[in-house]
Structures are given as structure tokens and as C-alpha cells.
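Please have the viewer ready.

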Amino acid sequence: MGEASFLDRIRRAIIDGNIDGAREIAKEAINAGVSALKLVNAMSSGMVEVGKLLESRVYFVAEVLVSAEAMSQALEVLKPYLAVEESKRYHGKIILGTVAGDIHDIGKGIVATLLQTAGFEVIDLGVDVPAEMFIEKVREIKPDILGLSSLLTTSLPEIKKIIEGLKTAGLRDKVKVIVGGAAVTKDFAEEAGVDVYCLDAVEGVEICKKYVEGIK
């Protein structure tokens, strides 16, 4: 079985909420020599599709939670191999959080795991985080990067609120702001005034690596 088939199968398992299937496919794919990072990327793509199904009300919260658990189980299989694939250590500091009005955690959790594997210090504020807390923590911790996640279109105004709050506090030019999640688009990110829009978790981590390499 080829790499593309494994990637498609694990993506499908996430969309379908097939917990046992996702875990077993992850094991089979690793044994077949498929990159753990590529598998994570395929699963992230599956979760993006789950987010779209939620937005269109084809899926409800129960289905999303099952898909999230499928991804979590597969990720546990892949974690040791992610560490092996990451040959270089990075030393940036990043704050992550899902914005207010959104309680989805899985995408942010994947990014946090990949960043920690690469050596980053990750401060995860959790979900449904008020704009004021993001601003307070940026002032207190002085991170290199602030990562914002949003799966729901209804929570997108919070991203703009955070950007404006950083400006008002005199902190906007002191931190790079990246955004991701099923609800976010490149056009929205540009309109909101963030620095970078990330299509998926793997791309987001690569952007963080390049940024800290440039400032250290």
C-alpha cells in the first residue's frame, strides 16, 4: 500500500470518527515508513473538514468530539516518531489559545504537541480565552509568537478584538501573531491585521521555526 493511500485512509478515519481505525492506520503507516508529520497533516486536513461539517450543521458537537478523540488516539501513536523526525531544536516562546466563544481544542493541541517536540516553550491558555487574557499574558510573558485558533465563524470578531487590544496596549509590534482554524481564511487574516495565516498545523509549526530562526 502506498503513502497516498495511508494518508487518505487516516484522513477519512478522522472525518468518520473511527477511533480504532485511526489508531491502527497510524501504526500500519509508521511500519510502512510513512512520515509521522505527513500523517499529522492528513489528520489535520480531516479535522478541517469536520469543522466545515459542523458549520453546515451536517455534524453536531457529538460527532466533532468523536473525531477529535480519533485524532487524539492516533496522535499518541505518532508522538514518539515526531520527536525522532525533528532533528533540530528551536528555542522560541509561544502563547497559544482558542479565542472566546470557541471551545474547540484539537487543532491547537496538535500545534502545541508539534511545537513542544521541536523544542519550543509553549504556554497554552486553553479554549474560550477572552481577548483581555491574551493581552495580559503577552505583556507578562513576552512571547516571540502569539497563536490564535478559531473553528467557528462566530468567534472571528474576537481575533480583531485581540489585535486592536494589542495595539492599544503598545504590544502589537512586540509579538508576531499567527492564526489558524477552520473558520479562518487568508482574506480575513489580512483584514484583521494578523501577521500570518496558517492553513494547517504542520505549516504553522514551520512558520514558527522560520520566524524564531530569523530573530535569534
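How many residues does helix α2 have, and how far does α2 reach from its first C-alpha to its last?

## Basis of the report

This is a predicted model, in which local features need pLDDT of at least 70, side-chain atom pairs count only at pLDDT 80 or more, and totals for chains, interfaces and linings use all residues. Residues are numbered from 1 along each chain as its sequence is written, and side-chain values use heavy atoms, leaving out hydrogens and water.

## Helix α2

Helix α2 spans residues 19–31, with 13 residues and a reach of 19 Å, close to the 18 Å expected at 1.5 Å a residue. That expected span is 1.5 Å times one less than the number of residues. Helices here are DSSP runs (H or I, at least four residues), as are strands (E, at least two), numbered from the N terminus.

Gly-21, Ala-22, Ile-25, Ala-26, Ala-29 and Ile-30 of α2 are buried (under 20% relative accessible area, with exposed over 50% and partly exposed in between; 1.4 Å probe, protein chains only). They lie on the same side of α2 because they cover an arc of only 160° around the axis, taken from the directions from the helix axis to the C-beta atoms.

After α2 comes Gly-33, with a positive phi near 90°.

## Two loop residues with positive phi

Most residues other than glycine have a negative phi. Arg-57, in the loop between α3 (36–55) and α4 (61–85), has a positive phi near 65°. Arg-57 counts as exposed, at 67% relative accessibility.

Lys-142 sits in the loop between α6 (131–141) and β3 (145–149). Its phi is also positive, near 55°, and Lys-142 counts as exposed at 63% relative accessibility.
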